[in-house]
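Morning, everyone. Please have it open while I talk.

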Amino acid sequence: MSEVRFVTREIGSLAKPGWRVKSIAGRPVEDPDVEYARKWGARLGINTEELTEILQKGQGFSDSEKAKIQDYAALYGIRLLENSGLDVVYDGEQRRSEMYDHVVKHAKGFETRGTVRSWDNKYYTKAAVVEKPLVEKTYDLEECEFVREHTDRTVKVPFTGAYTIMDWSYDEHYAGESSLLGASAERRSEARRVFGVDAARDVVRPNLAGVVEAGAEWVQVDEPAATTRPEEVPLVVETFNATREGIDARCSMHICFSDYSCLFPYIEELDDCYELQLEFSNRDSLETGTKGADRPGYAILDRFRESAWEGKIGLGVIDIHTDFIEPPELVRDRVLHAASVLGPERIEVNTDCGLRTRSWEVSYEKLVNMVEGARLAEEALNGR
Amino acid sequence: MAEIKAYTPGIYARSEELVQATRDFDRGRTTAEAVRQRQNEDLRNFLEVQREANFDYLSDGLLNWQDIFRPFDEAAVGLRPGSLTRFLNTNTFLRAPASEAGTPTLTEPLGEPYFRIGDLPRDGWVATLPSPHALAVTAAGELEPQVVAETMIGPQIRWLAGNGCAMVVLQETTLFEGSSDIFVLSEALDALKSPVPLALHLPFGDAGEVLGELVELDVEAIGVDFYATHVAALPRPFPKTLLAGVVDARNSLLEEPEEIAEFGRQLLEELGGDLHLVPNGDLQFVPEEIAREKVRRLGEAARILKEER
C-alpha cells in the first residue's frame, strides 16, 4: 500500500503589500513600505535591489515601473506560498483588484454601479450587467505565464465562476424591459439561468480556455455564491459544466461559507469535477481531537461519504477571518478526522478561502502550520 | 378607506465617503471621531431625502450597525458575535450571535448611538430590530425565542416606544426553509408586550408558503418581498397591514414610480386593508446613490396612490 501524502495549497488571494497598492493607486510610497519590501524580500530569498530602487522614487511611477512592481508583487506571492511549503501555488492574485471586479472590468456588458458592504467595514465594488456579456481575449494569460515561468511547483489558476458573476451582479438586462415586481418565480428564475449560462460560455470559458491552451494544467472555478440560493444549486452545476465543456485540464470548484447540505444530490451531475475545495474551519472547534464530536465544523463530511459523487475534498483547515494561528496539531486532527470519514485518498489540504484579509505575517504562519499539520497527519496514518 | 404610507426600514446604504472613512479607520488612517462625523453627515443626508420623499415615518438607517444582530451581540450579557454567516441569499455576511452560559440579557436597552432619537421626529419614526425568533434561530447554541423576546427585544421595544418610536419593524429571516415552528414565533411575539405597532418583515425571500399562518400572529403588519413572492400567494382579504416590498434593494435597476403605483393599485384592489410601501429589504445592498434614488421613487409612487384615494 502506498504511503499517504496530502497535497497542500492556498485557495487564491493573499493581501497586497502597501508598496504594491500605493504605487498602482498613485499614492506616495513611504519609507516603511520600502522597508517592508526589503524585509520580506530577504525572508523570501528575493533580490530586492531593483524593486527598492524603483519604490524609493516614492511617487509618479511610469507604466513600465508599475509593471515591474506588479511583477515583483506576483513574485513575492509565489515565493511566500513556496516558502511556506505548499505543493500547489499561484501568485496570491497580486495582479487582480478583487475576484469579481477583475472579471467585470475585462468583460464587455458590465457597468460599475458603486460600493456595497460584504461585512462590517469590508466592501466590494458591484456592477450591473447591461447587455449580453462577452470576453474577447484571454486576459489572465500574462499573469499565468509569469507564474509558470517562476515556479517549479504545480500551478492552480483561480477563476471567478459564472454563477458567482451572475449572482453578484445587478441585472439591468436579463430581467427584461419591465422590472420583476410581482413576477412569477419561473420568470425570475429563467432570467438568472440565461445570465448564468451566458456568463459561463462567453465570459469565463474564453479566458479559461486561453490559459489552458497556454499550458495551465489545473483550473479552479471559484463559486463563493454557489449555495446562496439553495434552489439554484442545479444552476451552479449547469454553469460549471458549461464552463468546463471542451476544456482539457483538471477542473475543481471552490465554495465557502455556506450550508453545503444543499449541494446534494446535484453535485452528482458535475462533469469531471476533480475536487470541491470547501471552507470548514470557520465553524469548527479550536480544540484538538479527531472524533466527530471534536470536529463539529466537519459534520457535513458524512453527507459527502454517502453521496454518489466521488471527487476529492479540498479540506479547509485554516480560518481566514481570524489572526489565530492554528497549531499544527489542530490541523493534523482536522485532517485525520476527515480522512477517517472519507478515506485519505479523497482528502487534499487548503485554507478555508483566500487569505487576502490577513497580513503576510499571519498568512505565512498559518500556511507553515497548515503544511506541518498535514505532515503530522501523514505520519500518523503512515505509522511513523 | 385604506391607509397608504411609505417609509424605509432596515440598514441603509453607506455613502462612498463613509465607506472610505470606515476603511481608513480599520487601516489606522483616521479616527473614530472622523467616522462619527461622516456618519452624522450621512444621517443628515438620509433624513433629508426621506423628508423630500414625504415619507410617513423616518428612519435613522442604522448607519453604525455592522449587522442586524451585532449591537445585541455586543451589549447583551451571555451573547457574543460568533462565526461569519451569510445573510439570506445575499453576498453580505453577519456575525451569527453565539450564546454563552446563562440566559442572555440586555442589562439596559440600547440607546444612542444605535438609535438616533435626537435626530428623529417624536412619534414619527420607525425602528428596525431583529425578530426574537430570528435572533434565537440564527444563534449558535441553545436560545429560546421567547426568552430572547422577554430579556432583550421586548425591553428594547418598550424603550423605543418611550422615546418617540411610532412603529417597530421586526426583521424575520429564518422562515424560508419551511422547517420553522410558527407556534414558537407566535409565543415570542406575544412575549414582546409591545406598546407600539409591530410589523414582521420577511426580506429577500418567497413568503408564500408561510403567509397563511403568519396572518394569525399578533402583529399589526406583515412585510412581503414582491420580487420573490407572487401576489397570488397572499390570503384574500389580507387581514393585516401589508408592508409591500415594492422597491428591489438587491438590484440597481430603478423602478418606475408609475409601475410601483400600478402594482399598489392591484394590491389595494385584490387584498383590501392598509398598504405600506417599503423596500423588499435593507437598502444597504445597493450603492448609496442608487438607494437614494430608490427612496425618491418610492415616495413618488406613494404620492401617486395617495392622491388617487
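A salt bridge, for today, is a side-chain nitrogen of Lys or Arg within 4 Å of a carboxyl oxygen of Asp or Glu. By that rule, there are 57 salt bridges over all chains. One caution before the details: this is a predicted model.

Arg96(A) and Glu143(A) meet through their side chains, at 2.7 Å from N to O. Where do Arg96(A) and Glu143(A) lie? Arg96(A) is in the loop between strand E2 (88–89) and helix H5 (99–104) of chain A, and Glu143(A) is in helix H6 (residues 141–149) of chain A. So the pair ties together parts that are 47 residues apart in sequence. Are Arg96(A) and Glu143(A) buried or exposed? Both are buried.

Now a pair within one helix. Asp302(A) bridges to Arg305(A), with the closest N and O atoms 3.5 Å apart. Both sit in helix H10 (residues 301–306) of chain A. They are three residues apart, about one turn of the helix. Asp302(A) counts as partly exposed because its relative accessibility is 33%. Arg305(A) is partly exposed too, at 44%.

Chain A also has a network. Salt bridges link Arg5(A), Asp87(A), Arg375(A) and Glu378(A).

Over to chain B. Glu100(B) forms a salt bridge with Arg80(B), and the closest N and O atoms are 3.2 Å apart. Glu100(B) is in the loop between strand E3 (93–99) and strand E4 (125–130) of chain B, while Arg80(B) is in strand E2 of chain B, so this pair ties together parts that are 20 residues apart in sequence. Glu100(B) is partly exposed, at 41% relative accessibility. Arg80(B) is partly exposed as well, with a relative accessible area of 39%.

Stay on strand E2 of chain B, residues 79–86, and find Gly82(B) there. Gly82(B) counts as buried because its relative accessible area is 13%, and the cut-off for buried is under 20%. What does Gly82(B) touch, leaving out residues up to four places away in sequence? The answer is Arg95(B), Ala96(B), Pro97(B) and Ala98(B). For a sense of distance, take Gly82(B) and Ala221(B): they are 139 residues apart in sequence and 31 Å apart in space, C-alpha to C-alpha.

Next, helix H1 of chain B, residues 16–26. Its buried residues are Leu18(B), Val19(B), Ala21(B), Thr22(B) and Asp24(B). What do the buried residues of H1(B) pack against? From chain A, strand E3 (108–119) and strand E4 (122–134); from chain B, helix H2 (32–52). After H1(B) comes Gly28(B), with a positive phi near 75°.

That brings us to backbone angles. Most residues other than glycine have a negative phi, and most peptide bonds are trans. Now the exceptions I picked out.

Asn54(B) is not a glycine, yet its phi is positive, near 55°. Asn54(B) sits in the loop between H2 and helix H3 (70–75) of chain B. Leu62(B) also has a positive phi, about 45°, and is not a glycine either. Leu62(B) is likewise found in the loop between H2 and H3 of chain B. Is each of them buried or exposed? Asn54(B) is exposed, with a relative accessible area of 58%. Leu62(B) is buried, at 2%.

Then the cis peptide bonds. In chain A, the bond from Phe264(A) to Pro265(A) is cis, with omega near 0°. Pro265(A) is in the loop between strand E8 (250–255) and strand E9 (275–278) of chain A. In chain B, the bond from Glu112(B) to Pro113(B) is cis, with omega near 5°. Pro113(B) lies in the loop between E3 and E4 of chain B.

Last item: surface charge. A negative surface patch is formed by Glu142(B), Glu144(B), Asp181(B), Glu187(B), Asp190(B), Glu213(B), Glu216(B), Asp218(B) and Glu220(B). Look at one of them, Asp181(B). Where is Asp181(B)? In the loop between strand E5 (165–171) and helix H6 (182–190) of chain B. Asp181(B) has a relative accessible area of 41%, so it counts as partly exposed.

That's my list. Thanks.

Notes: Residues numbered from 1 in each chain as written. Chains lettered and ligands numbered in written order. Predicted model: local features only at pLDDT ≥ 70, side-chain atom pairs only at ≥ 80, totals over all residues. Heavy atoms only, no water. Patch = residues over 30% accessible without salt bridge, like charges linked within 9 Å, V, L, I, M, F, W, Y side chains within 5 Å. Areas by Shrake-Rupley, 256 points an atom, 1.4 Å probe, with all protein chains shown as cover. Lys, Arg positive; Asp, Glu negative; His and termini not counted. Charge placed at Lys NZ, Arg CZ, Asp CG, Glu CD. Helix = DSSP H or I, 4+ residues; strand = E, 2+ residues; numbered from the N terminus. Buried < 20%, exposed > 50% of the residue type's maximum accessible area, 1.4 Å probe, protein only. Contact = heavy atoms within 4.5 Å.
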